[in-house]
Amino acid sequence: MDWDDVRYFLAVQRRGSLSEAGRRLRVDATTVGRRIAALEEALGARLFVRTSGGWRLSEAGQRVLPSAERLEAEVTALGRAARGAAAAVEGVVRLTTIETVATRFIAPALPALRTRHPGLDLELLCTMRTLDLARGEADVALRIARPKEEALVARKLTEIHFGAYASRGYLEARGLAPDTLRSLDGVDALDYAEALYPTAESAWLHEKSETPRVALRTTSVSTLLAATIAGLGVALLPVAVAEGEPALVRLPALGAPRPRPIWQVVHRDVAETARVRAVLDFLGELFARPGLRP
């Protein structure tokens with residue numbers, strides 16, 4: 001039995017289809033189907049039942065699943081142990097974070113990191129999905145929620161402070177005074193989409209209006225910023241992002257939710273790897289700079 005076939009088995013079980021598993025593994029669906037067939041032949045049992053809702057585990061597949069997951073964990077641990085032994089600051093480090101932190105704070109500082117460690121190959125993954133560090137989907141994560149897994153080491157780096165903003169043109173066209181606007185009743189609001197729910201930011205919006213008039217929902221802070229500058233409405237934005245935009249005016253009377261912490265997260269098995277340590281030190285120095293507050 002080939003370990004790779006077990007990896008394909010787990011991908012189909014988690015994604016529910018050959019095509020989705022193929023996207024995850026970066027192969028075509030035909031290859032996934034062939035590997036599943038090879039595993040079933042090796043084990044002498046059918047592992048999946050194909051239904052209208054996708055591929056579901058058969059009774060045999062359900063019995064196999066715990067062993068497959070243990071095998072995956074052991075193989076992943078083997079890789080982490082090998083990476084942990086590396087002393088040179090070179091090779092790939094996968095850092096995952098939200099788009100705003102990546103584009104506004106990390107990317108501008110990357111030339112200094114490259115100069116310090118030219119052999120370091122950084123992969124910056126901008127996604128709202130929580131990547132699994134235990135499975136090696138990323139090496140380091142910057143998250144807005146503290147993880148609960150015992151194998152993960154978390155450190156609070158900084159906080160994201162928010163404020164309510166609108167463009168000067170939007171306020172002038174509606175005769176609104178930025179210092180006295182205390183409610184979003186009758187005002188066009190821009191909100192964070194369901195992918196970010198439940199969020200303190202969306203709760204704030206509903207506190208300011210019982211029936212908010214939402215003109216846009218998006219998962220992208222950059223999109224929210226651009227729409228606010230264009231005069232679409234009022235949005236809750238990271239202060240460090242919005243304050244650099246001359247077209248925007250802060251609306252202090254609307255208040256803001258509590259700042260969001262940014263947690264640096266790493267699996268303890270790779271935390272002292274030279275290349276991972278270099279990225280952790282870089283992030284610590286970056287967010288410790290005076291005045292750098294997302």
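Predicted model: local features only at pLDDT ≥ 70, side-chain atom pairs only at ≥ 80, totals over all residues.
Figure 1. With a relative accessibility of 5%, Gln264 counts as buried, because the cut-off for a buried residue is under 20% relative accessible area. When its neighbours within four places in sequence are left aside, Gln264 is in contact with Val140, Ala141 and Leu142, with Val153, Ala154, Arg155 and Leu157, and with Leu280, Leu283 and Gly284.

**Figure 2. Packing of helix H5 against helix H10.** Helix H5, made up of residues 99–116, and helix H10, made up of residues 274–287, pack at an angle of about 120°, and their axes are 11 Å apart. This angle makes H5 oblique to H10, and the crossing of the two helices is right-handed. On the H5 side the contact is formed by Val101, Phe105, Ile106, Ala109, Leu110, Leu113 and Arg116, which meet Ala278, Phe282, Leu283, Glu285, Leu286 and Phe287 on the H10 side. Sorted by class, this contact of H5 with H10 has eleven nonpolar residues, no polar residues and two charged residues. Leu283 of H10, which takes part in this contact with H5, is also listed among the residues in contact with Gln264.

**Figure 3. Packing of helix H2 against helix H3.** Helix H2 (residues 18–25) and helix H3 (residues 29–43) pack with their axes 8 Å apart and at an angle of about 100°. The two helices are therefore roughly perpendicular to each other, since angles of 65 to 115 degrees count as such. Leu18, Ser19, Ala21 and Gly22 are the residues of H2 that meet H3, where their partners are Ala29, Val32 and Gly33. By class, the contact of H2 with H3 has four nonpolar and three polar residues, and no charged residues.

**Figure 4. Arg26 in the loop between H2 and H3.** Arg26 lies in the loop between these two helices, and phi of Arg26 is near 65°, a positive value in a residue other than glycine. Most residues other than glycine have a negative phi. Arg26 is exposed, because its relative accessible area of 74% lies over the cut-off of 50%.

**Figure 5. Aromatic pairs and the ring cluster of Phe9, Phe48 and Trp55.** The structure holds two aromatic pairs. In one of them, Phe9 and Phe48 form a tilted pair, with 5.4 Å from centre to centre and 55° between the planes. The pair links distant parts of the chain, as Phe9 is in helix H1 (residues 3–15) and Phe48 is in strand E1 (residues 48–51), the two residues being 39 residues apart. Both Phe9 and Phe48 are buried. Ring pairs link Phe9 and Phe48 with Trp55 into a cluster.

Figure 6. Of the 294 residues in the chain, 45% are buried. Among contacts in the chain with a separation of 6 or more, 74% are accounted for by residues 24 or more positions apart.

Note on methods. Residues numbered from 1 in each chain as written. Heavy atoms only, no water. Axes fitted to C-alpha atoms, helices over the stretch in contact; angles between N-to-C directions. Helix = DSSP H or I, 4+ residues; strand = E, 2+ residues; numbered from the N terminus. Parallel < 35°, antiparallel > 145°, perpendicular 65-115°, else oblique. Contact = heavy atoms within 4.5 Å. Nonpolar A, V, L, I, M, F, W, Y, C, P; charged D, E, K, R; others polar. Left-handed = near helix turned anticlockwise from the far one by under 90°. Phe/Tyr/Trp six-rings, centres within 6.5 Å; stacked < 30°, edge-to-face > 60°. Buried < 20%, exposed > 50% of the residue type's maximum accessible area, 1.4 Å probe, protein only.
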